[in-house]
Amino acid sequence: MKNKFVKWLSLPYALWSMAFVIIPLLMVFYFGLTDKSGKFTISNILSISLPVHFKSLLIALLLSLISTIICLLLSYPLAMILSSMNSGNNRLMILIFVLPMWMNFLLRTLAWQTLLENEGVINTILRAIHLPGLKIINTPYAIVFGMIYNFLPFMVLPIYNVLCKIDKNLLNAARDLGANEIQTFLKVTLPLSVPGIISGITMVFVPALTTFVISDLLGGSKILLIGNVIEQEFTLNSNWNLGSGLSIVLMLFIVISMIITAVFDKDGEGSAL
Amino acid sequence: MSNKLITLENISKSYDNHLVLDEMNLYIRENEFVTLLGPSGCGKTTTLRIIGGFETPDTGRVVFDGKDITKLPAYKRQLNTVFQKYALFTHMNIAENIAFGLKIKNKSKSYIDDKIKYALKLVNLEGYENRMPDSLSGGQQQRIAIARAIVNEPKVLLLDEPLGALDLKLRQDMQYELIRLKNELGITFIYVTHDQEEALTMSDTIVVMNQGYIQQIGTPEMIYNEPENAFVADFIGDSNIIDSIMVRDELVEILGVKFACVDKGFGENVHVDVVIRPEDVELVKPEEGNITGEVTHIIFKGVHYEMEVMANGFEWLVHSTRMYPVGEKVGIKVDPFNIQIMNKPASEDEEAVQIEE
């Protein structure tokens with residue numbers, strides 16, 4: 001009886017995901033695998049091999065990979081410091097790191113535009129103290145910058161969570177068995193935090209790979225990522241078929257990256273999350 | 001007697017202005033099975049952590065094998081710990097767990113493999129090399145934790161309530177197992193527990209602690225038969241602790257009745273605590289006893305009956321194989337050598353805390 005009732009509770013979500021996840025996904029596949037007259041074709045998918053599309057995919061992969069690595073390098077020490085703090089202090093610190101997420105994503109990215117512009121806040125300050133200005137806006141650097149800024153909390157939090165859950169007695173046991181601080185980190189802390197690292201990487205890499213807003217605002221529409229190409233096919237060119245075809249290709253890359261991380265997780269961890 | 005292996009000199013430690021250990025002095029001999037026994041918060045675990053190197057004392061020195069190791073980090077100490085919740089590395093299999101310390105010391109592969117085999121045999125878990133810790137029962141995990149510690153050939157094994165999470169039967173089996181291990185390895189065991197039965201079963205020496213002070217150090221027999229104060233008497237086993245007056249040598253007045261005893265040198269008409277173990281209280285016919293009373297409670301415990309007898313305003317706890325029904329009038333008799341006389345605590349520091357049961 002109770003079981004049946006609990007099952008019905010999932011109905012609203014089932015309807016929701018049917019209407020807004022499964023049906024749109026089927027539509028993407030439908031448009032992606034047909035031409036404008038509705039006939040089956042795979043030319044939309046194959047169009048990824050066009051130089052302009054292929055280049056945008058490579059740039060997107062490269063920039064999101066760089067951003068993910070930098071996010072990881074910044075987040076891990078930060079998460080370690082946070083998890084070793086006593087609970088009173090670290091709540092405040094976490095609040096500070098999460099606080100930007102409470103503001104609108106577009107607004108934050110626009111703010112970076114204002115900061116990084118040639119005549120923007122940073123360059124004005126640099127010139128005032130007689131330093132050469134930076135030409136950073138509308139370059140890949142600005143895009144990487146924007147990605148790191150926006151997605152950093154998504155890397156910090158899962159790593160922080162997994163570090164907090166590590167039993168302090170395990171670290172004591174490692175020291176007891178003769179491991180110094182570095183050995184304890186490499187042999188105990190790091191392997192035990194792999195699940196957090198994996199989910200952090202997924203949560204940064206996937207949105208970074210598909211973003212078009214950050215590249216739009218900070219790349220000045222000069223650097224097209226695959227996300228921008230897809231967006232333009234839908235909005236400017238009204239070519240839903242081509243946009244959907246490229247989306248399927250992008251999905252494929254996301255699935256591949258998730259398989260890679262899952263395999264890596266299995267090797268390093270033995271058990272998943 | 002063998003050498004003093006570890007000496008604690010004037011060790012004090014406090015957390016947030018709360019004193020956990022106060023000027024503690026203790027030495028531990030080679031090949032001794034020492035148990036630190038006391039209620040939670042008595043400082044026993046802190047003492048162990050100071051010896052293990054996980055805490056630094058505020059004052060005092062830890063001397064190990066003639067060398068001051070007070071400031072030596074844990075990973076440089078020649079001792080190993082078995083933690084309360086086992087603390088096995090969940091991302092490694094059993095063999096990797098046991099090999100952890102040896103790999104860090106860069107031992108050869110054949111040496112490590114031999115050691116793993118030897119240790120698993122010692123703890124009766126042969127063939128478990130490739131299992132993961134999660135797939136083992138609590139008792140098995142505890143054995144692995146012991147195996148992981150002893151392959152490093154420590155001079156001292158520290159055990160922090162290692163049997164606390166196990167069920168009763170398993171705990172009793174593990175007690176004999178630990179005694180066997182200690183004898184086979186010939187090393188010093190320092191064992192922390194709040195379980196008096198565990199302490200009595202396994203120890204060569206028991207250190208009874210309360211509120212940061214050592215209450216008594218001695219063999220299990222000494223601690224049980226001749227407790228130095230009411231706290232020790234109450235904590236180790238059941239006992240009747242009665243406020244009494246030492247009239248003169250070998251005569252004590254308990255609840256208004258004079259009893260012959262064997263203790264001397266307390267002075268005349270001095271207030272003392274008298275300890276009488278429940279199995280030492282003899283129930284006889286009312287006219288044959290020193291005091292008469294009435295049975296108020298009775299519980300069957302298997303080996304004996306546990307009875308409460310109200311006599312002269314005191315509820316006597318009595319263990320006897322003979323049953324007296326509730327309401328029966330009985331006489332109470334105690335042999336002189338079963339009456340243990342203790343001085344009242346001299347200062348607040350030694351004030352014994354009653355354990356509510």
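Predicted model: local features only at pLDDT ≥ 70, side-chain atom pairs only at ≥ 80, totals over all residues.

**Entry 1: a strand in chain B**

**Entry 2: what β12(B) pairs with**

I then checked the neighbours on each side. Strand β11 of chain B, residues 240–248, pairs with β12(B) in the antiparallel sense, over 4 bridges.

**Entry 3: the turns, and some positive phi values**

How many residues lie between the strands in the hairpin of β11(B) and β12(B)? I count 2, and B:Glu250 in this hairpin takes a positive phi near 65°. The hairpin of β12(B) and β13(B) has 2 residues between its strands too, and there B:Leu255 takes a positive phi near 50°. I flagged these angles because most residues other than glycine have a negative phi.

I kept going and noted two asparagines. B:Asn124 has a positive phi near 60° and sits in the loop between α3 (109–122) and α4 (138–150) of chain B. Is B:Asn124 buried or exposed? B:Asn124 is exposed, because 11 other C-beta atoms lie within 10 Å and the cut-off for exposed is 12 or fewer.

B:Asn269 has a positive phi near 50° and is found in the loop between β13 and β14 (270–276) of chain B. With 10 other C-beta atoms within 10 Å, B:Asn269 is exposed as well.

**Entry 4: chain B as a whole**

I zoomed out. Chain B has 8 helices and 20 strands, and its C-alpha atoms fill a box of roughly 75 × 45 × 40 Å along the principal axes. Of the 357 residues in chain B, 41% are buried. I also looked at contacts in chain B between residues at least 6 apart in sequence, and 66% of these join residues at least 24 apart.

The domain assignment divides chain B into domain 1 (4–225) and domain 2 (239–344). I get 39 Å between the centres of these two domains of chain B, taken over C-alpha atoms.

**Entry 5: where chain B meets chain A**

How many residues of chain B are in contact with chain A? I find 17 residues of chain B in contact with 17 residues of chain A. On the chain B side, β6 (79–82) and α2 (94–104) each supply at least two residues. The largest share is from α2(B), with 3 residues. By class, the chain B side divides into 9 nonpolar, 6 polar and 2 charged residues.

**Entry 6: over to chain A**

The assignment for chain A gives domain 1 (1–32) and domain 2 (41–269). Their centres are 29 Å apart over C-alpha atoms. The contact between them takes 4 residues from domain 1 of chain A and 8 residues from domain 2 of chain A. The domain 1 side has 3 nonpolar residues, 1 polar residue and no charged ones.

Next I looked along helix α8 of chain A, residues 140–165. It has 26 residues and reaches 37 Å from its first C-alpha to its last, close to the 38 Å expected. Where does α8(A) kink? I put a kink of about 45° at A:Phe151, shortly before the proline A:Pro153.

My last stop was A:Asn172, in helix α9 (residues 168–176) of chain A. A:Asn172 is partly exposed, because 19 other C-beta atoms lie within 10 Å and buried takes 20 or more. I also checked A:Asn172 against A:Ser257: they are 85 residues apart in sequence and 36 Å apart in space, C-alpha to C-alpha.

Notes:
Residues numbered from 1 in each chain as written. Chains lettered and ligands numbered in written order. Domains from an automatic or database assignment. Contact = placed C-beta atoms within 7 Å. Nonpolar A, V, L, I, M, F, W, Y, C, P; charged D, E, K, R; others polar. Pairing = 2+ DSSP bridges. Expected span 1.5 Å × (residues − 1). Bend = angle between axes of the 7 residues up to and from the residue.
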